[in-house]
Amino acid sequence: MDTTDQAANGRSFGKGLGLKKSLMTLAASVMLATSAQAAVPATAEVNTTGLAVTDDTVTVGILHSITGTMAISEIGSVQAEKLAIDQINASGGVLGRQIEFVQEDGASDWPTFAEKSRKLLRQDNVAAIFGAWTSASRKAVLPVIEQYNGMLYYPTFYEGLEQSPNVVYTGQEATQQILASIDWAAETKGAKSFYLLGSDYIWPRTSNKIARKHIEDKLGLKVSGEEYYPLGHTQFNSVINKIKLRKPDVIFASVVGGSNVAFYKQMKAAGIDFTDEKPLLLTISVTEDEIRGIGGENVDGIYASMKYFQSLDNPNNKEFVAAFKEAYGDDMVIGDVTQAAYLGPWLWKAAVEKAGSFDIDKIREEFAGIEFTKAPEGYVRIHENHHLWSKTRIGQAQPDGQYKVVYETEELMEPDPFPEGYQ
Amino acid sequence: MKSSSPLKWFATREGLYYVALAVLLVVLLPLALDPFRLNMVGKYLTYAFVAIGLVMCWGKAGILSLGQGVFFGLGGYCMAMFLKLEASTPEATAIQSTPGIPDFMDWNQLTELPWFWEPFHSFSFTLLAVIGVPVLLAFVIGFAMFTRRVGGVYFAIITQAIAAILTILIIGQQGYTGGVNGITDLQTLNGWDIRTDEARTILYFVCVGMLFLCLFVARLVQNRKLGRILVAMNAQENRVRFSGYDVAAFKIFVFCLAAAFAGVGGAMFTLIVGFMSPSFIGIVASIEMVIFCALGGRLSILGAVYGALLVNAAKSGFSESFPELWPFAMGALFIGVVLAFPNGLAGLYQTYVMPLEDKIFKRNKGAQLEAKPAEKTAEPKPTAEKTPDYDPMIDSYSPEKS
Amino acid sequence: MFDGYTSSELMSIFAMQGFAGLSLFSVFVLMALGLAIIFGQMGVINMAHGEFMILGAYTTYLTSGFFQSYLPSLFGGYFFVAMVLAFLICAALGAFVEWLMIRRLYHRPLDTLLATWGLSLIMQQAYRSIFGAREVGVDLPEWMMGAIQVTDLVELPINGLFVMIIALSIAVGVYFLMYRSGYGKKVRAVVQNRPMAEAVGINSAGIDRATFALGCGIAGVAGAAFTMIGSTGPSSGQAYIVDTFLVVVFGGAQSLIGTIVSAFGISQAQSTMEFFLSGSMAKVLTLLVVVGILMLRPEGLMALKVRR
Amino acid sequence: MSAAKSKSGDFLLAVEGLTVSFDGFKAVDDLSFYLDPKEIRVIIGPNGAGKTTVLDLICGKTKATSGSIKFDGKELTKLKEHQIVHSGVGRKFQTPSVFEDLTVFENLEVSYPKGHSVMGALGFKRDAEVINAVEEVAETIFLTEALNEPAASLSHGQKQWLEIGMLLIQKPDLLMLDEPVAGMSVTERKKTAELLRVITRDHTVLVIEHDMQFVGDIADRVTVMHQGKVLSEGSIEHVKSDPKVIEVYLGH
C-alpha cells in the first residue's frame, strides 16, 4: 500500500513517474490513434485567454484529497490521471505540447477544495482541472470553476441533477447506473421487492429516490424498506434483522466508506450467503477498490452495477490494466471511478485537438459528440449535456475480489441528469 | 493616565499591541498579498472570532467547550440561508419542478419553502439570527448545565456530543439543510456579487472590522469587574459563589458571549468562502478551534487572533508542500503547547520579548511609563490613580499571568 | 408501527433486536471499559482511546498475516494470540505515553484532552503512513464464520457471540482486578486520597502508569475484537470516541458498574429505535436522550452521593 | 430551653429539625439551635461530628434532606447560595480561599456588595465609595500596607484575615467562620481574637473551632456537636463540666 506515498508527492511535475517502460509499449499504439502532428500551432492562436500554455508545454491541475478520510478513495483517481497524462505526453502531447501538471491536495475538506481550485485557476492558470470526488467537493468547487470559466473533469458516479457548462462528468449519473440494473434484476432474476439501503448523504438518497420511482411507478413492483445510516456507522444488526423479516428479493445498497466493511461482514456473519441470492444484493457503491478493504470472501456473490470492471475483456482494457499495474505495482486494483478518471485527460485532449485551441469557450463548443475509442470500458462519447454515453454492466463479485461481468446493456445508456418523472 | 482621553490609550503598551495588529491586518497584509491570499487570510480570521470567544470562555472562566463549531456553524448557516434564498429566484431556478426554492430542496421533492426558512428572506432578521440563534442555543445549554453545576470535563464531553448530534441532524435532514454538501453556490448579498475580487477584498476589511469590534467587546468584559469575576470563578468558584455571585449566571453569560462571537465568525466565513457545510460543525473542527486559542495563549484575546492566523497559515503551507507531515505537525503542536507552553505565544512573548520591550520603552519613553512601576511599589493610596477600566493585573500580557 | 407483522414475527423481532442490542452492548462495554478505568479512576480524558483500539486491530491484522504465511495449520487459533499481543502492545505504548505526557498533566484534566487529541492525530497519520490509507481486511478463521440457527427467523452470528464472550470476560476480569485484588485496592486508594496513599507507601506514580497501561491494553483487546465486525482503517477510531465518552459519563464516571448499566441502556435504546426509525434518526434520538438525561442528572446514573 | 422559644422570630438564626443524609449516613441528624443577634457562638465537637456540614447547610452549599433554617425570618433552605449571601450570611472556608491572582484591594473589591449581577459587574466603577469601604476594611484586618500586593504573596494568617475581610465588606448580619485560627502563629491568634471582638460589635458570629483556649476567649455560648446532634449547649464552663461532653471527648 505504498501508493499513498507515490500519490502524495505533492507538487511533483508530471515528467516521468517511473513509467518509461510502459510508455514505450503504449506509445506506438497511441501514436496511431492521435495522428502525429507535423506542425505545432502558434501559442497565440491556441490560447487567447491567458492559460498556462507555452510553445511546448501546457499546464493542467489535479485536485484530489491525498490526506484525510477521502484519500482512500481518491488516490486511485490521481494515479489514473497521471497515467493518462504520461501516456499522452509519450504520444506527443496535446497540440504538440507536453502536459505538465500541478497537483493540489483537497485534504478531504470542502473549503480547501474551493480554495485550491481558485488557486489553480487564478495563480496557475491551468487549462483543465481533473479532480473532485465527493459530491460535496464538487459542489464546493463548482461556483469557482464557473466564475473563472475553468473546466473540471469529474470522475465519480454521482447523483445527477446537475449540468454545468464548466464540468465534464466522466462517471455515470444516477439513472445510468440504476435503471438498467433494476430492470435486469426484475427481468433476469424475477425480483419483485427491493430494500433500499444507503449511507446518509445526497448520493444514496437521490439514487434511492430514482430507484423507488422506477420500481414502483415504472415496473409496478414493491419497495419493502428504505433506510439510511450516518457515514461511518458500523452497527448494522438492526437493519439486517429487518431485511430478514421483510424478505426482499433484492437489497439495493449504496453504503459507502468504512461502513461498507462493517455492513458486509455483519451480513455474512448473520448467515446471509450472497451466492444463494436470497436475497440478492445489488450495490452501486462497491468497486474493486472497496472490496480490498471489505475482503473478497465477505462479498462473494454480490452484484454491482457500474460501467467498468477491471475484468472487462477487451483489448483497450487489457492494455490499460497492464500499464496501470506496471506503473503502480502488480497488486493494484482498478475500480470504476479510477477508469473514469483515466478518461478525463484523454477526453480533454480530444476536445482541444478538435477545437484546435485550449480556450475553454472553444472547447466547450466541440464537446458534443467527441468520442474516445480507446477507453478501457470500450467506447464512450460525450453527450451535449456534458455527461458520457456509456454502457452499464452488472458484475458478480468473486472471492478473489474481482467482478465477473454477467450482463451488459446492448446499447450505450443515454445520460439523463434531470430525469423526467424521477424527481 | 485618565481613561477619559481615548487617544492616549493608543500610546499605552496595550494600545500599541492593538495598533500593531491593526497595521498588520489593515495595511501590511493587504499590501503584501494578492486578493486570493488575502481572501484566505480572511478565512483564517473568521476562526479567530471563535478563538477570542474561547479565550473568554475557557481561558478566563475555565469552561472548555468542544462544541464551538456548533455556534460557528449556526451563524454561518443563518447567513447561508439568506444568501441561498437570494440566489434562488424563480428566474434562476426556472428548470426546477418548483422554481423559487433552493435547488437542494427541489432535489428532495420539497414543493414549498419550509417555515423556518421564510424569515431568512429578510436581511435584518438574518443579521439578528446570526447572533441570536447561537446565543439562544448557548443559553439553553448553559442554563441546563451551569445551574446544575456541570463543569469541566463533563461539560466538554456534552458539548462534543451536541456537535455530533447537530452534524448528524443536518446531514440527515438534507431536504431542509442541504445535507452533507451544505449550502453552496451563494452569489450575491443584497444584489452585490460577493464572488468578485473587489467584493472579497471588501469583505476582508469588513471581517477585520468585525474582528476588532469583537476584540473590543472582549477587552471591555475582561477589564471590567466582570472579567475579574470570571477569572476568580475559575480559580475559586466557591469563594465567588459565597461572595454573593450567581456563578451560573456568569458562566451562562460568558458562554453566550463566546457563542455570539462564533456566530459572527461563522457568518463572515460564509460570506468570505461562499458556502457553509456541516464539516465545520463537527467534533474535529471544534477541537481545532481550541488549538487556535491554546496556541495563541489561552488567556490572551490578541494571542487568539495570532493563534488562528498562524495555525491556519501553517496548515495551508504544510499541506501544499508536505501534506503527509501536516497531521504530525498538528499533533505535535497540540502536545507541545499543552506540555511546554501552556500559555501559548502570549506566554512566550511575555517571557522573552517583553523584557526587551521594557528596556526600549524605558530608554525612549521613560517619563511616560514612570507611573506604572510606581503602582507596583505598595503605595498607600494607589487606586485613585489607576485607570478604572484598564487593569494590568487582568490584562493578558501582564507578567503576573505567566 | 407494528403493522404488517404477525405476532410470531413480532416475537422474533424482539428476540433478534434484543440480540442486536446485546452485541451493540458488548461493543460498548469493550470500548468503554478501558476508558472508564482511565477516565473514571484517574480523571484523564484520553481522546486517543479510539486510536489505541485501532492499534489493537492492526496488531490483529499483522498477526493474522503472520499465521497465514508461516503457521497456516494454527490459523484457527491465531485470534487468541492476536488478543494477547494487542493487549501487550497497547499497554506498552500506553505506559510510554503516560510517562511522556500524561503524568505531567494530572492536575490539568482539560489539558490531557488536548494533548491526547494531538496524540490521536499523530497515531492516525502514522497508521496511514505505515498501513496505507485504505481499510485493511482481517481474515477470520473458518469456525468464526456463520451463525447458529435458533428458529427460522432467529439466527445468532458466531462472531457476535464471540465478541460478547470477550466483553463479558474482560468485564469480569476488570471487576476482580479493581475490587478484589491488592492492585485494585491501591488504585482506589490513590483515587480517593493521593497524599495519604503515598504516605502509606503506595507507589502512586507506578499505579498511575499501570492503570493507564491497563486501560490502553483493554482498548487494544477491544480493537482486536472489532476486526471481526467492523473496519480497520487509520481513522476508524474516531467513529467511536463520542459514543464511548457518553457511555462512560452517562454511567457515572467513577462507577464501573455504572458504565456497564449505561452501555446496556444506550445499546438497547438505540437498537430498538433503529428498528422502528431510520438509522440516522435513531442515533440522533439516542444521543439527545442521553444528553438530556445528563443535563438533568449530571453525575450520571450510578454516582456516589458524597459531601461536595 | 429551646422548646420555650419555638417562635423563631426572636432569633437571628433558627435551625430546627435539620437533617441531611449522604447515602443513608446522617451527617446532621435532627439538629436544632438558635442564635441571638450579636451573639458569638462557637460550635465544637470531635472530627466527623457534622460541624462543617452545618455551615454548608446554612450557606446553601449542601441541600438539607429535611428541616428548616430561618434567618431573620427568611427560610434559607429554599434559596440559592448567592441569594443567601445577599440576605446577609457570610461564610469563610476552612482553608483560606482568596483569589491569589488578584491584589488584596481587588479581592476586597470583588466582594464589595455592588455589581453582583452580570450587567452590574460589567458596569461596575471603582468610585470613591468603593475605595473608602475597601480601605476601611483593610485597616480592620491589618492589611492596609499590603493593599497592592497580590494575595498569593500573603502569609497563611494574612490570607485568613483577608477572607474575613472579604466577608466584612459584604456587611453581613451573620458571619460563619470555619476554624479561623487553624495554622496560625500565637501572635496571629491573638490578633485574630482581637479582630473577632471588633467584628462582633455589629455582627452575629458563628465559629467552628478546636482550640479551647481560643474558644474560651471569644465565645458567648458554645454548642457541642456529636454524631450530627447537639450534645450540649451553654457557656464554656457549662459544657466543659457536662458529663456527656467529657465522655465523648475522653472516649474519643
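User: pLDDT is the predictor's confidence in each residue, on a scale from 0 to 100; over which residues of chain D does pLDDT stay under 50?

Analyst: Residues are numbered from 1 along each chain as its sequence is written, while chains are lettered from A and ligands numbered from 1 in the order in which they are written. This is a predicted model, in which local features need pLDDT of at least 70 and side-chain atom pairs count only at pLDDT 80 or more, whereas totals for chains, interfaces and linings use all residues. Chain D has a mean pLDDT of 85, with 95% of its residues reaching 70 or more. The stretch in question has six contacts beyond four places in sequence (a contact means C-beta atoms, placed from the backbone, within 7 Å), and pLDDT stays under 50 there, over residues 1–8.

User: How many residues of the side of chain A that touches chain B are charged?

Analyst: In this interface, 30 residues of chain A are in contact with 28 residues of chain B. The elements of chain A that give two or more residues to this side are α5 (110–122), α6 (135–147) and α8 (202–218), where helices are DSSP runs of H or I with at least four residues and strands are E runs with at least two, numbered from the N terminus. Counting Ala, Val, Leu, Ile, Met, Phe, Trp, Tyr, Cys and Pro as nonpolar, Asp, Glu, Lys and Arg as charged, and the others, Gly among them, as polar, the side divides into 14 nonpolar, seven polar, and, as charged residues, nine.

User: Which residue is the bridge partner of Leu196(A) in β8(A)?

Analyst: Seven strands of chain A form an open sheet of mixed pairing in the order β7-β6-β8-β9-β10-β14-β15, two strands being paired if DSSP finds at least two bridges between them. Within this order, β6 (residues 193–199) and β8 (residues 250–254) of chain A run parallel and are joined by five bridges. In β8(A), the bridge partner of Leu196(A) is Phe252(A).

User: How far apart are the centres of domain 1 and domain 2 of chain A?

Analyst: Chain A is divided into domain 1 (47–171 + 312–389) and domain 2 (173–305 + 393–406), with bounds that come from an automatic or database domain assignment. The contact between them takes 15 residues from domain 1 of chain A and 14 residues from domain 2 of chain A. Taken over C-alpha atoms, the separation of the two centres is 29 Å.

Note on methods:
Two residues are in contact if their C-beta atoms, placed from the backbone, lie within 7 Å.
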